[in-house]
Amino acid sequence: MSFLNDDPVEHTNVGRIAYYTDEVHNYEFRVEHKNGSTVISPREPGERVELKIGILLPFHQTSDNVTRELTISGTSAIRMAAAEINTQQRIPGAYVTLIEKDSFPQPLEGQEAITQAVVSAISLVQQGVIGVIGDISSSWTALSALITSTLEIPQCSFTAIASSLADRSQYSYFYRTIPTDLLYADAALSFVATQGWPYISLLYSNDDYGNQLSQYAVMKAKSQGILINGYQSFYGESDPLHQVPDDIDELLSNPNSRIVFVVAQDEAMTTALIAAANKGYMNSDHVWISLGPLPDTTDIQSSINDFNSILKSRQQGQTHQQLDWYANSDVASESLQKNQTGNSMRAIDYIAWTTPEYQQMIDYPTAFSGGIFSFALGINLTGYGPFDQLQHTWSQLDPQLYPFAGNTSQASSNVAMAYSCLWSMADGFRKIVSGSSNMTQMLNQLVTRQLGDDFTPTAFNTGDNGPDGPMIFNENGDRAVGNFRVLNLQHGQETQIGTIFGGKINITETPVYYGGSLMAPTGLPAKTCINPGYHTPISLVIVAFTAFGMFMALLAAFLITIRRRHLVSSISSVLSCLLELLGFLFLYTSVFFFSADRTLMDCFVIPVTFHIGYTLLLGCLSLKLYRIYAVHNNIYLKKPIVTDRQLIRVCLGGLIITGIALVIWLPATEVQTISVPVTLTTYFVRCDYEGGVHSMLVALITLVAALFLLIAVMLAIRTRAIPKNKPKYAECRHISLAI
């Protein structure tokens, strides 16, 4: 059977009928040509109810071979799906009849072509179809989808990708099995998640593609907890040439823009990448992710060669006489004229003539050595059951019945998506019919188009895994998940490093970053450590205070030593004063190291010096107060209440307990420094102590210190009433104040 001109075996008043047998499916069907339509139905349907599905495609279009192949192979896939649906009786009590209608019956242009496309869509409606599959182009699909959505008839396309078709206010009954451009954002964000990057920036072309995809990317990123550092539009059609490099610099000059999503196509994408390379942003700190396929690498290299040629001319002293005039020309007109005549100036040429960085040429293998990623549709689905089954059946079909099928034919993704259009539609009908208590009544309502409200896009989410992956549709009629190849520009050549199937990413090779590095950048903005260190004003104040305190402690020790026979010194005990001052020196030492940038050594020195100094200081102060308290409350005492030997015993006792705890604690604890974020651009480094005995030993040290402090406070309260006329005990007031 030829595709459109079947050899008739039977003539009727309205057309001709031919009968054929599909040996693969053991399926006999009839093909009837009438009123400009081709009707395909089972030869003997029995008592089942007929469900008419319209196929609206440009069958007579011959000027474009790609469109021709999409149309014919897609129709063969739909016919194959119909054969399987009918032989398997997929819809209980019903069978599918296909009504093929040409949306391009005559080679017309302009309004006449639009009119005949609309007439073809209306013709299908008049023939009683309850669903429509088509069209090929997005513009032709929009015409028919307006009609079918108004009449609440579901329509599916396997090729139309325009984002405008997701407008539910106009196309509420339209859905499609082809992934849309919006899924590139999902693919890119899934890759970002595998690398653990928490922030991204967006550089997007100021056109329909860039605006819609960037808005979707921002929304999806926020829902996944990925923060947006910044976003900037560029390369608007009405933008003057001089604004293009300014817009790119606006985003890239931000030191926080490390992981950059470039949402652009063709010339705009090439301009962004070359401008970034010229500014030095192709480096180990940056990663570039294209939301979509990159331009061909040979085109990028050619543009870089042109760019370098202009830089070389500038180095030789050449200038462009009309540079100021071109600066105010808009991007669209200049690019168009450049492509048509070669006499105008592209945005990338303008950047080459005006960039201050013109002394260094762009070396393509170096600048594009890694760190650039993109995504492309069309993965090898071999090994995936539904696709393998489709491929097996497709290869066995008779190409006379199913053009583009046969022994040597490979089922393309287009074939799989066309097949899924009818299969998902039939499954949606089956779900409605099977779920009814009165299937006969439900089928009658379905045939008479009384169930329109039940067939919005989400009605066709039946859990079916189609040959092109899971057929899951969102409320806008777009596929919720897609299949992509993950590509990495390595040493100037695109290399596949993974796949995304059904929304799940699988990285099969280690990504390569700038310079051939296999280590992924952190993706974090440059951060500033807010630890004082020894170089900030606040740290200098602390160090000066510490130094002054240590000097005063040493001076006091010297004075006490040379005046040790003074009345106050004798009563206070020279040894007690010296131990007390030693405690101060330890404490000042801990403060000095606490102000540092915080290294591992600091994490050991700080707790050791602090706890030893704290124990010495509070121990001596407590004993001094106790001595004053005892003397003041017992006038018959004729010798010191606390001797130097007893003082040493008490201080050593506290030091031994603290020392043992420190000796056990520090070796048994994993000591490390960790960075704690404060804001997006600041952090501080602190010491972290992890170990099984950490909490217990800290509690012991704290208990000793708390015991000394408690005793000191109680004695300070008891000695507060000592009369002022006893100057040899006056230091108790200063001790109490210190405590």
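User: Which residue in β22 does T528 stand opposite?

Analyst: Strands of a sheet pair through backbone hydrogen bonds, in either a parallel or an antiparallel sense. In this predicted model, which numbers residues from 1 along each chain as its sequence is written, T528 stands opposite T682 in β22. Local features here need pLDDT of at least 70, side-chain atom pairs count only at pLDDT 80 or more, totals for chains, interfaces and linings use all residues, and side-chain values use heavy atoms, with hydrogens and water left out.

User: How many bridges pair β20 with β22, and in which sense?

Analyst: Two strands pair if DSSP finds at least two bridges between them. Strands (E, at least two residues) and helices (H or I, at least four) are DSSP runs, numbered from the N terminus. β20 and β22 (residues 682-690) pair over two bridges in the parallel sense.

User: In what order do the strands of that sheet lie?

Analyst: Three strands make an open sheet, ordered β20-β22-β21, with mixed pairing. Its edge strands, β20 (528-529) and β21 (670-677), each pair on one side only.

User: What is the order of strands in the sheet of eight?

Analyst: The order is β11-β10-β12-β13-β14-β17-β18-β19, again an open sheet with mixed pairing. At its edges are β11 (227-234) and β19 (504-507), each of which pairs on one side only. Neighbouring strands of this sheet are turned by 25° against each other on average, direction ignored. Such angles are taken between axes, which are lines fitted to C-alpha atoms (for helices over the stretch in contact), and run from 0 to 180 degrees between N-to-C directions.

User: Do β14 and β17 run parallel or antiparallel?

Analyst: β14 (residues 372-377) and β17 (residues 484-490) run antiparallel, and six bridges join them.

User: Which strands does helix α5 lie across?

Analyst: Contact means heavy atoms within 4.5 Å. Helix α5 (residues 208-223) lies across β10 (199-205), β11 and β12 (259-263), and runs at about 165° to β10.

User: Where does the second largest pocket lie?

Analyst: On a 1 Å grid over the protein atoms alone, a pocket is an open set of points with protein on both sides within 12 Å along at least five of seven lines, a cavity is a set where a 1.4 Å probe fits but cannot get out, and lining residues have an atom within 4 Å of a point. The second largest pocket lies between domain 1 (3-176 + 386-474) and domain 2 (181-378 + 485-507), because both give residues to its lining; the domain bounds come from an automatic or database assignment.

User: How many residues line the second largest pocket?

Analyst: The lining has 28 residues, with P179, Y184, L377, G378 and S413 nearest the centre. Helix α14 (residues 413-434) gives the largest share, three residues. The pocket volume is about 480 Å³, meaning the space filled by probe spheres set on grid points, which are joined across faces, edges and corners.

User: How many cavities of 30 Å³ or more does the structure hold?

Analyst: There are four. The largest cavity contains about 80 Å³ of space, and α1 supplies the largest share of its lining, four residues. Y27, R79 and L401 are among the residues that line the largest cavity. The second largest cavity contains about 60 Å³, and its lining includes I130, E152 and F455.
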